[in-house]
Amino acid sequence: MSKLFDLEKNGTKVSTEITAGITTFFAMSYILFVNPEVLSQTGMPAQAVFLAMIIASVTGTLVMGLFANVPYALAPGVGLQAFFTYTVVMSLGFTWQEGLALVFFCGVINIVITITKIRKMLITAIPETIQLAISGGIGVFIAYLGLKNANILQFSSDSSSIATINGQAYNSAVTHFTHGVTSVVSNGGITPSLTLFNNSSVVLALIGITITVILQIKKVPASILIGIVLTTLIGIPMGVTNLHISSANSLINSIGALKTTFLAAFSSQGMGSLFTNGHRILLVLMTILSFSLSDIFDSLGTFIGTGRRTGIFSAEDEKDLEDKPGFSSKLDRALFADSIATGVGSIFGTSNITTYVESSAGIGAGGRTGLTSVVVAILFLLSSFASPLLSVIPDAAIAPALIIVGIMMMSSFQKINWSDFNEAVPAFMASIFMAFCYNITYGIAAGFIFYCIVKTVTGKAKEIHPLIWIVSALFVINFTVLAIA
């Protein structure tokens with residue numbers, strides 16, 4: 001064991017690594033309940049998503065531990081699953097099968113990027129401000145989703161602001177709809193406001209937010225998971241938590257449900273229909289690009305942010321990452337594990353797998369090698385028996401977790417020089433605008449486009465990498481095609 005993971009060389013021991021693995025697992029275990037809850041809104045069976053998540057997380061974390069020999073754990077990214085559900089499926093109109101196909105392409109592209117010099121071009125092309133803004137913006141987006149899903153916000157629109165009902169132009173003379181009202185689109189006249197706290201589910205969500213914030217401030221280990229559990233328990237006397245555990249949610253039935261999502265990415269409803277509509281081919285490409293950019297910089301930020309401070313990744317590793325193709329450094333191998341896990345996840349039925357910043361909890365407990373990751377993988381495997389609990393956890397207990405994770409992701413904003421207007425404009429577009437337009441892809445697009453505008457107006461167009469020009473132009477073409485279509 002010592003030789004396999006170079007424990008002595010890394011100044012650690014087996015007991016320390018096991019403790020670190022347990023710490024990391026409980027710090028990130030909230031995802032066991034959050035992931036199925038979010039992705040099931042696309043129509044995917046929650047039990048299948050749960051099992052697919054376990055398989056992909058175990059695979060990626062084992063590759064991370066055994067191949068890269070670093071103490072990081074992987075699971076579906078909260079921001080990326082929100083992107084999958086609320087942007088790709090609900091906003092852009094892709095089916096969940098097509099969404100999984102997009103995730104598969106993202107995994108393949110990330111593998112190619114990792115083992116070639118494309119990675120160096122990508123890292124040097126995108127300004128650090130934009131990278132930080134994307135990460136922080138996803139945090140704003142997730143926190144906003146939490147507030148909305150908790151029904152703490154309500155939205156009002158007067159009749160003059162209604163654009164369409166059921167996909168048809170609004171006509172005030174029409175008061176009857178054969179199949180009822182299924183969708184309403186309103187323009188800028190719609191306004192958000194604070195809801196009235198006269199609903200037990202909303203009150204429970206508010207209690208959950210308060211509990212989780214207090215636990216987080218007190219630095220209680222596994223605070224988010226504890227927050228979910230306590231909120232669920234408090235919801236019992238409030239009549240919000242449903243204690244009925246159906247046999248349909250057993251592990252055996254979860255395995256049966258997996259047949260629905262396994263290889264769905266390659267079905268006629270997935271990859272088979274992804275490129276059949278010529279009008280949206282550019283949209284498909286832009287969505288894959290957004291998936292890849294978010295995934296790569298999310299993981300890279302976690303690696304560098306925690307690895308520098310602890311010495312897990314040296315300056316030489318970072319230099320090799322930028323200058324050499326292949327697996328010349330631990331960072332290369334870690335990014336490869338991340339990409340492999342995303343591919344596996346799409347095959348079984350879950351969104352992008354990414355490296356969890358909660359791994360820093362295990363690193364703080366002394367984890368320095370892949371043995372920590374192996375311990376996390378084992379615990380994830382054992383947690384597959386917890387699938388019956390999915391039906392018990394109410395939405396009001398999940399919403400606080402999204403809000404807290406979103407707040408933590410917003411920490412990258414502190415590294416942006418907001419006092420410099422030239423830097424603040426593209427950062428705002430790539431972050432805050434992302435949440436306002438409810439679309440991560442469009443946030444990235446706005447950030448890139450305004451970066452080009454700012455640099456050109458200030459006479460610094462030569463500083464813009466050709467890749468940024470190309471991607472920005474493709475985004476503009478995509479918006480034009482969508483408007484015409």
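A residue counts as buried under 20% relative accessible area, as exposed over 50%, and as partly exposed in between. By this criterion phenylalanine 275, with a relative accessible area of 38%, is partly exposed. The structure discussed here is a predicted model.

**Overall fold**

The protein comprises 22 helices and seven strands. Its radius of gyration is 22 Å, which agrees with the value near 23 Å that a compact globule of 485 residues would have. The C-alpha trace spans about 80 × 65 × 50 Å along the principal axes. Of the 485 residues, 52% count as buried. Carbon and sulfur atoms contribute 65% of an accessible surface of about 20500 Å². The mean positions of the 22 positive and 22 negative charges lie 4 Å apart.

**Aromatic pairs**

The structure holds 12 aromatic pairs. In one of them, the rings of phenylalanine 67 and phenylalanine 336 have centres 5.8 Å apart and planes at 65°, so the pair is edge-to-face. Because phenylalanine 67 lies in helix α4 and phenylalanine 336 in helix α15, this pair ties together parts that are 269 residues apart in sequence.

Phenylalanine 105 and phenylalanine 275 also form an edge-to-face pair, at 6.0 Å centre to centre and 70° between the planes. Phenylalanine 105 lies in helix α6 and phenylalanine 275 in the loop between α12 and α13, so the pair ties together parts that are 170 residues apart in sequence. Phe104, Phe105, Phe266 and Phe275 form one aromatic cluster.

The accessibilities of the paired residues are as follows.

| Residue | Relative accessibility | Class |
|---|---|---|
| Phenylalanine 67 | 35% | partly exposed |
| Phenylalanine 336 | 18% | buried |
| Phenylalanine 105 | 22% | partly exposed |
| Phenylalanine 275 | 38% | partly exposed |

Notes:
Residues are numbered from 1 along each chain as its sequence is written. This is a predicted model: local features need pLDDT of at least 70, side-chain atom pairs count only at pLDDT 80 or more; totals for chains, interfaces and linings use all residues. Side-chain values use heavy atoms; hydrogens and water are left out. Helices (H or I, at least four residues) and strands (E, at least two) are DSSP runs, numbered from the N terminus. The radius of gyration is taken over C-alpha atoms; the globule rule is 2.2 Å times the number of residues to the power 0.38. Buried means under 20% relative accessible area, exposed over 50%, partly exposed in between (1.4 Å probe, protein chains only). Accessible areas come from the Shrake-Rupley method with a 1.4 Å probe; for residues, only the protein chains shown count as cover. Lys and Arg count as positive and Asp and Glu as negative; His and the chain ends are not counted. The place of a charge is taken as NZ of Lys, CZ of Arg, CG of Asp or CD of Glu. Rings of Phe, Tyr and Trp (its six-membered ring) pair if their centres lie within 6.5 Å; planes under 30 degrees apart count as stacked, over 60 as edge-to-face and the rest as tilted.
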